[in-house]
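Hi there,

Here is the structure I promised to pass on to you. Have a look at it first, and then read on for my notes on what turned up.

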Amino acid sequence: MSTPEPVKVTKAQDVKTNHGQTDGMIRQSAIVDLSPSQQIVGTLMRAQPHSSSAVHHHGSQDTIVYAVSGVGAVVSDHGKQVDELKPGDWAIILKGREHQEVNSGDEEVLHCKAHEVLLG
């Protein structure tokens, strides 16, 4: 039996913010390149008041979202579906699903996200 991989930690000062930014949205990736079997990314998304992401999709990746604070929404189906997320709520955005993250309130929205990065 082989020895399992050790626990790996990303310290706060090592969190990366140099990718995929949108005005009003701050994305901080923490768990990057730490899983040898499959690449998993953990991201904190901070949506400033009255901000929204561009309409986008995550390709062939499913994404799990946990609402930490604030009240935001995931808008999909060309604006026909609006799923409000309050603290403690969970969502899964299935691969290829076009969506937009929206904070129409006066407080910051904080979501924790996890998704697999498919290796080419």
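**Gln100 and its surroundings**

Let me start with Gln100, which sits in strand 8. Please keep in mind throughout that this is a predicted model. Which residues does Gln100 touch, once its neighbours within four places in sequence are left aside? The contacts are Ser52, Ser53, Ala54, Val55, Ala73, Val74 and Val75. For Ser53 there is a polar detail as well: its backbone oxygen lies 2.7 Å from a polar atom of the Gln100 side chain. As for Val74, its C-alpha is 5.7 Å from that of Gln100, although the two residues are 26 apart in sequence.

In general, the strands of a sheet pair through backbone hydrogen bonds, in a parallel or an antiparallel way.

Strand 3 is joined to strand 8 (residues 99–103) by two bridges, and the two run antiparallel. Here Ser52 faces Val102 of strand 8. Between strand 5 and strand 6 there are five bridges, again in the antiparallel sense, and Gly72 is opposite Leu85 in strand 6. These two strands form a hairpin with four residues between them, where Asp77 takes a positive phi near 55°.

**Pairings of strand 9**

Strand 9 (residues 109–117) pairs with strand 2 (residues 39–47) over nine bridges, in the antiparallel sense.

The side chains of His58 and Thr63 make a polar contact at 2.6 Å. With neighbours within four places in sequence set aside, His58 is in contact with Thr63 and His99.

**A pocket**

His99 is also one of the residues lining the second largest pocket. How much space lies in that pocket? The value is about 190 Å³. Its lining is made up of Val74, Ser76, Gln81, Asp83, Leu85, Ala91, Ile92, Ile93, Leu94, Arg97 and His99. Strand 5 (72–76), strand 6 (81–85) and strand 7 (90–93) are the elements that give two or more residues to this lining. By class, the lining counts six nonpolar, three polar and two charged residues, so you have the make-up at hand if you want to look at it by residue class.

**One aromatic pair**

Last, there is one aromatic pair in the structure. Its partners are Tyr66 and Trp90, with ring centres 4.7 Å apart and planes at 50°, so the pair is tilted. Why does this pair tie together parts that are 24 residues apart in sequence? Because Tyr66 lies in strand 4, while Trp90 lies in strand 7.

Best wishes

Terms used
Residues numbered from 1 in each chain as written. Predicted model: local features only at pLDDT ≥ 70, side-chain atom pairs only at ≥ 80, totals over all residues. Heavy atoms only, no water. Polar contact = N/O pair within 3.5 Å; in protein donor to acceptor, adjacent residues only side chain to side chain. Contact = heavy atoms within 4.5 Å. 1 Å grid on protein atoms, 1.4 Å probe; cavity = no way out; pocket = protein on both sides within 12 Å on 5 of 7 lines; lining within 4 Å. Points joined across faces, edges and corners; volume = space filled by probe spheres on them. Pairing = 2+ DSSP bridges. Phe/Tyr/Trp six-rings, centres within 6.5 Å; stacked < 30°, edge-to-face > 60°.
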